Amino acid sequence: MKKYLKYIKYVALGFFFVAINSTKAQSVEDSLYNSAVIYVYDDPLKAIEISEELMKMNENQPEKQIRVLLLITNSYASMRNYEKSLETALKAKEIVKKIKDPVQEFKILIKIAAQYHSLGVSDKALQILEESDKIFEKATNKSEMMFDMGSNYAIKGFIYSDQLSCDIAIEYFNKAIETYAQSGSEEERVKLNQSVVAYNKGNCYIALNDLHAAKMSYLESRELVKGTEANSLEAFSMKGLAEVLTLEGKYNEAITKLIDAEKIAGNVGDLELNSGIYRGLADNFLALKDWDNFQKFDKKYNESIQKIKISERNTINNILNSYNQEINQKEKSWKLKYLFLISVFGIVLLLGLYSIIKSEIIFRKKLRKLKSQIKF
Amino acid sequence: MYVRKSKMRLKNAVLLSFYLTVCSVYSQSSETGRLLNQAEAIVSFDPIEANTIAEHTLKNATNNTAKIRSLYVSALSAYVLGDYDKSLPKVFEARELAAYSNNEEYEQKSGELIYRIFNFLQLNNQKDEVYSASEIPIFKTEDFIRKGNELLEKNHLDSARYYAGLVENENKDDELGYRGALYHGLMGDIYFAQKDFKSSLLHYKEAIAVLNEIRNPFLGKQLYDKIAANYLVLDSLQKFQENSETAKSYNILLTEIENRASNEVHKLKIKELDQEYKHQTAFYRNLTWILFGLALSAVLIKIIFYIRNRNRLKMYRRLMNYLKLQEEQRKVEVQEVKAEPKVSIEDPAVEDFADTKTTPVGVNPRSSSLLKESEEQILNSLEKFESSGRFNHKDMSLSKLAAQLNTNTKYLSEAINRHKGMNFNAYINKLRIDYIIGKMKEDPTYLNYKVSYLAEECGYSSHSTFTTVFKSIVGVSPITFVEFIKEESNQEEITT
C-alpha cells in the first residue's frame, strides 16, 4: 500500500513540475530545457549535460538557474547519485537567497523540500518547509502563495504518514485541501492536487481503522477528478474504496469496484496501480473462497511486483551497462595506443639487440685478426 | 522439528565471551579462525552475534585471510538480516581482497553472495556468473525453498513437501533461525494450498517468532501478508487488517533498503569498473614503460659498445704500430752492428710517432754548427749511454748528460734533435719505456709488479707521469699492456 502512496506523491510532484513549465513561452532555452526534462529518466547524463549548458546561458538569472538546478537534482536522483543530487539541491537553496522576491523564494523552497522528500531525506525537507513557513508568515501578498502553501501542507502530510504518524498527517492533509481551495489557481490544477491529498488521507484513515472516514476521503478524491482526464487518480480512489469494502466484508461489491478500476487503469498502464488492483482482487476472491480466481490474481499480483522491481532497477541497470560499455570503449582505444607504443619500442629493442650482437661479432673478428698480427 | 534451545544459546554466549577475551590477549590466528568458524555456524540463528564476532576479528586481523573471512561473515550476517545495503560494501571488499590475495575459495563465496543479492534486487550482474548447488547452508536452504515454491505454484504439493523435508533434514541440529523461518514459511504455504489454514497459521507464527531476533523486513513483509490472508479466509477481518498494516510497515522498510542497496550497487559497481579499468591500463602502461626502458638501454648499450670497441681497436692498432716499429728498429740495429756501426741513423720512427704527444722535430736541414768529429763522438757516447741504463736515474737532465759526455748542452741537444728525431725529454722517455718493455718481455715476473714499482724502476717518481708517458709512446696504458701480454702468453701456453 505504501508503494501506491509513494507513486501518488510523485504524481503530485509531477504536477508541480508541469506548473513551472507552462508559465513561460517557448524559446530556444525553453526547448533545450524541455529536451533535458525528457532525458531525466532515460539518459540522466545527457540531461545533466544540457542543464549545465543552460546554467551557463542563465548566469545572471537566479530564477532560471534554480529551475535548471532542480532538473539536475532530479537527474542525479534518477542516477541514484544521491550525494550529488542533494549537493545540487543545496546549491539551489544558496541561489534562492539572491532572489529578493519572497513569492519566488517561497515557491522554490517548496520545490526543494519536495525534492528532499522524494530523495528520502525527510528531516531536511521538514527543515526547509519550516523556513518557507517563516517567509509565508511575513509575506504581505499571501494570496499569491496560497497554492504552494497547499503543497507545503501536503508534503508535511506525506512525511508524517511515512513515519506512521497518521493523526498528524491527516491534520496537514486537511489543511492542504483547504489551502488549495483558497488559492484561486486554475481549477483543474487545484482539483488534481486536492484529489491526491484526499487519497492519501484515505490511506491514513485505513491505517487508523476508521473505515467510514476512509470511505469519505476516497469518495472525495474520486469526485474531485471525475470527468477530468486524470484516469489513474480515479482508479486509485476506486481501489481505495474497494479496500474499505473488503474490510467491511462486502467482498462482491469490492470486486465489482476493482474490476471497474482495472478497466480505467488499463488505459493508463500503470504498474503500481495494476499491482494494487490485482492484490485487492486476490484478497477478495480468497475471502469468497473462490480458489481459481484467487490463484489467478495472486499470480498476476506477483508478476506485477516483479515487473515493478525490474522497472525500478532499469535506470540503474542502464547506467551500469552504459558505463561498462563506455569503459570498454575507453579501454579499447587505450589498448590500441599502448599496443602501438609497445610494438614500436619492441621493434627498437629487437633491432638494438640484433645490432649489438652483430657488431660485437664483427668487433671480435677484427680484434682477433689484429691480435694475430701482433707478435710479441 | 525445531526447538528453541535457549540453554545452548547461553552456553554459546559464555563460550564466545571467553573466546573474545582469549583472542584479545593472545590474538592468535588459530583463535581467529576458530572464532570465525563459530560465527559462521551461528549466522543463521544469531546474525547479530555473528556480526559482532566478525567485526572483532576484523579489527584484530593480522593477515588477509582473517580479514576476508571476517568481512564475508559480516556480509553474510547482514544478508540474513535483510540489510543488503550494509552487506554489499563488505562483500565487495571481501571479494576484492580475496582476488588480490589469490584466495579462490572466498572469491567464489563472495561472488555467490553478490550474485544472490543482485538477483534479489533484479539487477544485472555483468559478470554473468551462475552459482548452482551452493555449499553454504543458508543458500542451500534458500535453493530448496525456491524449488519447493515453484512446485507449489504448479500444485505439486507432495514434491513441495519433499523439498521441505530436505530442508528439515539439513537443519536438524540447527536452532530456529533464518533457515528455520524459511522452512516454516514453505510449510505454511503448503498447508495454505491444502486449505488447512489452522496448520498454515501455526507454521507462519513459528516463522514469525524468528523476527524478534532477525528483523528481516523482506521476511516480515511476506509472512505478515500470508498471515493476513489466512485470517481473511478465516473471516477474521480485524486480524486481517492488523496484519496487513504490519506488512505495510515492513514494506516501507524494505523499499528503503532496496533503494539504498541499489544506490550501493551503483557506487560499488562504478568503483569496481574503474578499478578494473585502471588495472588493465596499468598493465599496458607498465609494459610500455618497461619496453621503453629496455629499448632505451639497448640503444645506450649499442652506443657505449660502439665507442668502446672503436677505442679498443684504435688502441690495439697503436700497440701494433709500436711493436712493429720496435721490431724494425731492432733489425736495423742488428744490421748496423754487423755492417757499419758508425753510420748515422735515419730515423724511420718519425712518421709513426706523429700521433704521440712527443713533439718531433724532424731532421734538421739547417747546416750544423757541430763539427763532424765531435758529432760522431757524441753519438758514440749516446749509444753507450743507451745501453748503460743510466737514463733510468731519477735526476737525469740535459745538463747532467752533457757533463757526463764531456760536451755542452747545446751540442748535445742539437745532436739528439738531428739524429734521434726528437727532443731530449722525448728521447729519455722513449729509452725508459723501451727499457721497461724489454724487461717485461724478458722477465715475466715484471708483469706481476705494480705500476708504481715499474715507474720507479725506470726513473719516474710518480706513476701517473709514467702512465701518461707510457700511453703516449706505446699507445696503451701500462695496465692494459700488461694484461695484453698476459693474455698473449696464456694463449701461447694453450696453443703449445
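Author: Chain A holds 15 helices and 0 strands, where helices (H or I, at least four residues) and strands (E, at least two) are DSSP runs numbered from the N terminus. The model is predicted, with local features needing pLDDT of at least 70 and side-chain atom pairs pLDDT 80 or more, while totals for chains, interfaces and linings use all residues. Residues are numbered from 1 along each chain as its sequence is written, and chains are lettered from A and ligands numbered from 1 in written order.

Of the 376 residues in chain A, 43% are buried (20 or more other C-beta atoms within 10 Å of the residue's own, C-beta atoms being placed from the backbone).

The part to examine is in chain B: helix H4 (residues 64–80) and helix H6 (residues 104–120). Their axes come within 11 Å and cross at roughly 20°; axes are lines fitted to C-alpha atoms over the stretch in contact, with angles from 0 to 180 degrees between N-to-C directions. H4(B) and H6(B) are therefore roughly parallel, the term for angles under 35 degrees. Their crossing is left-handed, meaning that the near helix is turned anticlockwise from the far one by less than a right angle.

From H4(B), B:Ile68, B:Arg69, B:Tyr72, B:Ala75, B:Leu76 and B:Tyr79 meet B:Tyr106, B:Lys109, B:Ser110, B:Leu113 and B:Ile117 of H6(B) (contact: C-beta atoms, placed from the backbone, within 7 Å). By class, this contact has 8 nonpolar, 1 polar and 2 charged residues; Ala, Val, Leu, Ile, Met, Phe, Trp, Tyr, Cys and Pro count as nonpolar, Asp, Glu, Lys and Arg as charged, and the others, Gly among them, as polar.

Definitions and conventions
A residue is buried if 20 or more other C-beta atoms lie within 10 Å of its own, exposed if 12 or fewer, and partly exposed in between; C-beta atoms are placed from the backbone. Angles under 35 degrees count as roughly parallel, over 145 as roughly antiparallel, 65 to 115 as roughly perpendicular and the rest as oblique. Two residues are in contact if their C-beta atoms, placed from the backbone, lie within 7 Å.
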